[in-house]
Amino acid sequence: MASAERLQLFEADLAERVLARALASGGEFAELYAERRSSLSLALDDRKVERAQSGRDLGASVRVVAGEATYFAYVDGLAEPDLARVADTVAAAVRAGATRPRPLGELEQPAGQAIEQRPEDVEPGRKAQMLHQCDERARAASPDVSQVSANYNEDRRQLQIANSEGLLVADDRTRVRLGVQVVAQREGRVETGSESLAGHAGFELFTGDFAAVAGQAAERALTMLDARPAPAGPTTVVVGNGFGGVLFHEATGHGLEADAVQKRASVYAGRLGEQLASAIVVAYDDGSLPGEWGTDAIDDEGTPSQSTRVLDEGKLCFYLYDLTRARKDGSRSTGNGRRQSFRHLPIPRMTNTYIAPGPAAPEDIIGDVKRGVFAKSFAGGQVEPATGNFVFGVSEGYLIENGKVTAPLKGVTLLGNSLDVLQKIDAIGNDLAFKSGFCGKDGQQVPVGTGQPTVRISALTVGGTDV
């Protein structure tokens with residue numbers, strides 16, 4: 001098993017000179033962030049691998065925090081004259097007396113995710129063959145499968161951070177992802193299904209039956225060909241594990257990010273310690289879970305990744321902080337300062353956000369429902385953090401009748417309020433699972449993990465087509 005190699009993008013003495021220049025006109029905090037990135041993506045469509053793209057990127061940014069203001073600039077490359085110029089540009093925007101940064105400590109590189117097989121060492125032809133195997137598996141499911149698309153992505157991101165408080169730290173991150181989307185047609189009706197396999201891992205993630213994701217995607221599309229119109233109105237809703245975590249991520253997670261809280265743009269602002277959810281609800285954001293999509297050794301400010309319990313037996317107990325927002329609240333960073341690249345400022349972002357498992361078996365949770373809806377996976381939605389109101393589309397849903405999952409449903413939407421839903425969670429399963437995704441906020445996209453066990457909501461409005 002290979003660990004991350006020792007990483008150094010810049011020398012400590014260079015960083016000290018850059019930080020000193022950045023603080024030449026004052027400021028409480030300065031940071032140098034450098035990043036080297038390489039990626040490869042392959043796409044299969046209509047049984048052909050048509051697109052192969054690779055990319056490399058290298059650059060750095062400097063920021064200074066002075067009072068309530070943040071000054072930021074970036075540059076491609078790591079040449080000292082360019083870094084000095086960027087530092088001078090940032091310093092010129094500050095109007096105060098010079099500040100001296102602390103001397104940097106020894107370079108730290110916390111143990112990250114162990115990579116057994118580096119993706120870049122695997123021949124591209126083998127990766128293309130994976131896509132063809134997925135295509136074959138999906139098409140073998142039924143003659144009704146009319147189209148298959150598959151994508152393979154790998155990304156390696158190496159970063160190093162130095163700041164005026166003496167921090168000098170590095171991280172080496174590798175992520176791989178295989179995704180499949182299937183289109184099925186029958187008698188003029190068209191449905192789609194998708195599935196993915198992803199993680200903070202190397203190519204070893206695909207040593208098992210990776211093409212099973214294609215079979216699962218095909219099964220979803222084929223099942224939905226027989227879907228009937230969804231009922232409308234208030235009903236009991238059981239949210240499936242894994243994909244169902246998107247509901248908590250969107251409806252609640254964004255409202256816990258400290259920038260929204262401090263702007264009073266969150267329904268959770270000023271409510272620490274309040275009983276906001278059912279007492280059976282315990283929820284976390286955890287950037288340290290081994291192998292998960294949203295996991296890193298440190299965040300993009302150098303703070304160690306950690307587990308943050310945000311709901312404890314229904315009580316709101318912590319927000320998600322980066323360094324800047326933590327200082328403003330007199331709190332600590334929770335390791336949630338994340339950025340898309342060196343061209344972006346870090347902001348509070350979720351990592352792997354999930355509801356903790358409970359004691360119930362999923363079949364028992366469903367078995368107690370006389371009539372309701374089982375929402376297995378979601379197609380996206382809209383949430384207003386300031387009010388908690390949301391609308392979600394369900395990509396795969398089923399009717400529950402007399403404790404049994406029966407007919408597939410089309411046109412299911414879920415409408416509600418995050419605070420109301422948290423109070424109405426009355427059963428939590430023992431089947432915690434995670435899924436991968438990308439979360440967009442303020443023009444930035446970062447990888448996030450969403451997870452939960454099977455969860456039952458006693459009453460939720462379903463907007464359907466059977467009215």
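User: Is cysteine 134 buried or exposed?
Analyst: Cysteine 134 is buried, with a relative accessible area of 0%. Buried means under 20% relative accessible area, exposed means over 50%, and partly exposed is in between, using a 1.4 Å probe and protein chains only.

User: And what about cysteine 439, buried or exposed?
Analyst: Cysteine 439 is buried, at a relative accessible area of 5%.

User: How many disulfides are there?
Analyst: The count comes to 0 disulfides. The rule asks for a pair of cysteine sulfur atoms within 2.5 Å.

User: Where do these values come from?
Analyst: This is a predicted model, where local features need pLDDT of at least 70, side-chain atom pairs count only at pLDDT 80 or more, and totals for chains, interfaces and linings use all residues. Residues are numbered from 1 along each chain as its sequence is written, and side-chain values use heavy atoms, with hydrogens and water left out.

User: New topic. Which residues of H2 are buried?
Analyst: Leu83, Ala84, Val86, Ala87, Val90 and Ala91 are buried in H2. They cover an arc of only 160° around the axis, so they sit on the same side of H2. The arc is taken from the directions from the helix axis to the C-beta atoms. Helices here are DSSP runs of H or I with at least four residues, strands are E runs of at least two, and both are numbered from the N terminus.

User: Why the same side?
Analyst: An α-helix has 3.6 residues a turn, so residues three or four places apart point the same way.

User: What covers the buried residues of H2?
Analyst: The cover includes helix H1 (12-22) and strands E1 (29-45), E2 (48-66) and E3 (69-76). Contact means heavy atoms within 4.5 Å.

User: Now aspartate 171. Where does it lie?
Analyst: Aspartate 171 lies in strand E5, residues 168-186. Aspartate 171 is buried, with a relative accessible area of 2%. Leaving aside neighbours within four places in sequence, its contacts include Leu7, Arg157 and Asp296.

User: How does E5 pair with E6?
Analyst: E5 and strand E6 (residues 189-199) pair in the antiparallel sense over 11 bridges. Two strands pair if DSSP finds at least two bridges between them. Glutamine 181 has serine 194 in E6 as its bridge partner. E5 and E6 form a hairpin with 2 residues between them. In the turn, glutamate 187 has a positive phi of about 50°.
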